[in-house]
Protein chains: 2
Amino acid sequence: MDRTAETRAAAETRRAETRAAETRRKGPVGRPRGFDADEALERAMRVFWEQGYEGASLTDLTSAMNITRTSMYAAFGNKEELFRKALERYTEGPASYGVRALREPTARQVATAFLHGAVRATTRPDCPAGCLGVQGSLAAGATGGHARDTLAAWRDEHTAHFRDRLQQAVDEGDLPADADPGALARYLMTVANGIAVQAAGGVPREELQRVADLALRAWPPVG
Amino acid sequence: MDRTAETRAAAETRRAETRAAETRRKGPVGRPRGFDADEALERAMRVFWEQGYEGASLTDLTSAMNITRTSMYAAFGNKEELFRKALERYTEGPASYGVRALREPTARQVATAFLHGAVRATTRPDCPAGCLGVQGSLAAGATGGHARDTLAAWRDEHTAHFRDRLQQAVDEGDLPADADPGALARYLMTVANGIAVQAAGGVPREELQRVADLALRAWPPVG
DNA sequence: ACACATCTGAACCGATCGGTACGGAAGAGG
DNA sequence: CCTCTTCCGTACCGATCGGTTCAGATGTGT
């Protein structure tokens with residue numbers, strides 16, 4: 001690893017010196033790259049998005065990018081740098097709804113644009129489901145596929161329990177008659193899963209407590 | 001893999017036949033197990049919780065369980081079954097707040113108990129942060145550590161952008177003066193991340209759209 | 001005391017992981 | 001043309017993956 005970084009750094013230094021010594025160079029010398037680096041990065045982003053960082057093997061990545069391991073290594077450094085660049089591309093591409101939302105005129109419009117953008121971006125039919133920023137290390141490779149499906153089923157099962165419980169509340173008049181138990185149950189599970197993501201990232205308990213209290217303000221009054 | 005299942009199934013069949021043939025057996029014959037299977041499962045659960053399914057290697061698991069690979073294989077079948085049993089234990093243990101919440105008398109209390117329980121369970125100082133049901137395939141092993149940290153920083157960075165934007169809204173009177181921009185920004189990011197988790201699990205767009213609209217009902221009025 | 005079922009530790013399996021070394025092919029500049 | 005630089009494909013590296021086999025230690029029921 002140290003050797004690698006050292007070698008690469010040395011190569012870049014040498015290249016810079018060469019360029020400086022000859023003061024100006026029209027184009028890059030040597031055989032030009034035989035593939036579109038931008039398109040390759042786009043494809044790598046998709047793979048990371050779908051399979052996560054660890055779940056995406058170099059074989060998966062390079063075969064999707066239609067280049068060899070060596071070409072990937074030369075063009076992007078290593079797997080970690082490739083991931084970093086893919087994340088940048090994701091931020092400016094599929095996740096650009098985030099910065100767009102920030103430019104909305106009112107706070108409510110900011111919030112609305114952001115959440116609606118998140119829904120659209122995570123459920124586009126032509127893209128992997130979910131958000132690279134979350135499942136970059138949520139998704140799984142071949143061996144983890146079963147585990148991932150098991151957990152998705154686990155979450156759905158518990159959502160169903162809440163839906164049933166809330167349906168009972170509607171029947172009892174404890175919720176408004178027009179309340180949607182399925183949507184409310186999904187809402188609870190969504191907020192709880194979001195809280196788990198935040199917690200895994202190190203957000204402290206007090207802050208998440210405020211999030212939970214805030215989320216409960218959306219709860220319908222007794223019907 | 002087929003050989004494995006076949007062998008194990010054959011062994012269980014043989015054991016059952018033996019037991020049936022001798023009609024009654026006081027205790028299990030042969031050398032008794034030299035470790036506490038319950039405690040071993042508890043420890044395995046922790047490792048899966050912290051590192052995810054793929055991120056937890058057999059070496060990680062067995063060394064945490066203080067048993068050998070062979071003992072684990074004999075007692076739990078294989079890694080996948082071990083994970084399934086760990087998830088069951090998690091459901092009845094750290095995640096039992098879920099079923100407890102279902103027993104609350106009113107819908108609002110159900111919702112409150114569930115979200116507050118989620119906050120407590122995902123931020124216990126003596127347990128891994130987050131929820132096994134989410135990061136069972138969210139967390140990462142040794143090689144994925146950098147990626148996980150990168151993504152956590154990425155989410156925090158964008159949360160900060162929203163905080164700044166909402167602070168501006170407070171200054172402009174677009175939000176109530178007592179609104180907490182940090183908490184509101186965290187709330188938005190939490191819901192968006194939760195939506196991403198749902199989407200990754202296959203929840204369709206229309207349903208998530210209803211979730212987003214529901215979440216926006218918690219938004220404070222123009223101040 | 002004996003036979004037997006089970007546990008245990010270590011060595012080992014093929015497969016795959018991320019990452020490299022090398023030699024030939026191929027375009028750019030003189 | 002020749003030379004130089006870079007790209008590209010292959011074959012390979014050590015490490016680790018999940019899983020298995022086997023010999024020997026160990027406790028139980030007869």
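**Exercise 1. Find how chain A is related to chain B.**

Solution. Chain A can be laid on chain B by a turn of 180° and a shift of 0.0 Å along the axis, with an RMSD of 0.0 Å, where the copies are superposed by least squares on the C-alpha atoms of residues with pLDDT of at least 70 in both. That is the relation of a two-fold axis. The model is a predicted one, in which local features need pLDDT of at least 70 and side-chain atom pairs count only at pLDDT 80 or more, while totals for chains, interfaces and linings use all residues. Residues are numbered from 1 along each chain as its sequence is written, chains are lettered from A in the order in which they are written, and side-chain values use heavy atoms, with hydrogens and water left out.

**Exercise 2. Describe the extent of the interface.**

Solution. Begin with the contact (heavy atoms within 4.5 Å), which takes 99 residues from chain A and 99 residues from chain B. Of the interface residues of chain A, 100% are also interface residues in chain B, so the copies meet through the same surface. Next, take the buried area (the accessible area, with a 1.4 Å probe, that two parts lose on being put together, summed over both): about 8700 Å², 67% of it on carbon and sulfur atoms. In chain A, the most area is lost to chain B by Leu115(A), Trp154(A) and Arg205(A), together 8% of what that side buries.

**Exercise 3. Identify a charged pair across the interface.**

Solution. The rule for a salt bridge (a side-chain nitrogen of Lys or Arg within 4 Å of a carboxyl oxygen of Asp or Glu) finds four across this interface. Arg210(A) forms a salt bridge with Asp180(B), the closest N and O atoms being 3.9 Å apart.
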